[in-house]
Amino acid sequence: MKKIVCFILLAFTLLNAKEFNAPMKTYMESLSVEAKAQNPNFTGFDAKRGEAIFVSKQAGKKGTQMSCTTCHTTNLKNGGQNVNTNKPITALAPSANSTRLTDVAEVEKWLRRNFNDVFAREGSALEKGDVLTYIINQ
Ligand code: HEC
């Protein structure tokens, strides 16, 4: 009986584990190396800092105030809308959409575009790592 309970608990923990897949782990590791090279005091990515980036309002590439939430909304479990094309965007939270944060090329491409839309520049390794750490936990 005890064994069964242990097994169920373990299975539950594994199901709930908010982990990147192997290619994404490698990508996060490379962001980490870059962040450390840029700042020797870097000790790791932080979901709280990532959330602050995600909700922060910026002047935007086109001069209209923007944040990541403009298209993705503040509840990442819900879908959003691309304000440039009016096309719907499915939920960004991996808990609601299991395909999210699984494809490094896709993630890199959209982070480049989306940081540009909002911050009118590319994200730093620290910013990208923080924001991905925030999203994976949603
Ligand atoms: C102008 C609208 C818009 C804004 C603003 C925006 N995004 Fe996106 N984002 C999109 C679209 C469109 C996609 C790609 C369509 C899709 O995957 O559903 C996308 C995809 C992504 C993905 C890819 C996820 C995956 O694995 O499929 C990430 C990560 C992401 N956005 C993060 C961000 C972050 C961080 C910000 C703020 C810096 C941001 N987005 C701001 C529209 C936007």
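## Terms and model

Helices (H or I, at least four residues) and strands (E, at least two) are DSSP runs, numbered from the N terminus. Residues are numbered from 1 along each chain as its sequence is written. The model is predicted: local features need pLDDT of at least 70, side-chain atom pairs count only at pLDDT 80 or more, and totals for chains, interfaces and linings use all residues.

## Ligand shell

A residue is near a molecule or strand if its C-beta atom, placed from the backbone, lies within 6 Å of it. The ligand is surrounded by 23 residues. Cys68, Cys71, Asn82, Trp110 and Asn114 are the closest.

Three helices each supply at least two shell residues: H4 (68-72), H5 (104-119) and H6 (125-136). H5 gives the most, with eight residues. By class, the shell has 14 nonpolar, six polar and three charged residues. Here Ala, Val, Leu, Ile, Met, Phe, Trp, Tyr, Cys and Pro count as nonpolar; Asp, Glu, Lys and Arg count as charged; the others, Gly among them, count as polar.

## Fold

The chain has six helices and two strands. Along the sequence they follow the pattern α-α-α-α-β-β-α-α.

Two residues are in contact if their C-beta atoms, placed from the backbone, lie within 7 Å. Of the contacts with a separation of 6 or more, 55% join residues 24 or more positions apart. Of the 138 residues, 25% are buried. Buried means that 20 or more other C-beta atoms lie within 10 Å of the residue's own; 12 or fewer means exposed, and in between is partly exposed, with C-beta atoms placed from the backbone.

## Nonpolar cores

A nonpolar core is a set of buried Ala, Val, Leu, Ile, Met, Phe, Trp, Tyr and Cys residues joined through C-beta atoms within 7 Å. The largest has 15 residues. Phe54, Val118, Val131, Leu132 and Ile135 have the most contacts inside it. Helix H3 (47-55), H5 and H6 each supply at least two residues of this core. H6 gives the most, with five.

Leu132 touches Met28 and Leu101, not counting residues up to four places away in sequence. A second, separate core has five residues, including Tyr27, Leu31, Ala125 and Leu126.

## Helix H6

H6 is mostly covered, with 12 of its 12 residues buried. Among them are Glu127, Lys128 and Asp130. The cover includes helix H2 (22-38), H3 and H5.

What span should H6 have? At 1.5 Å a residue, its 12 residues should span 16 Å, and its end C-alpha atoms are 16 Å apart, which agrees. The expected span is 1.5 Å times one less than the number of residues.
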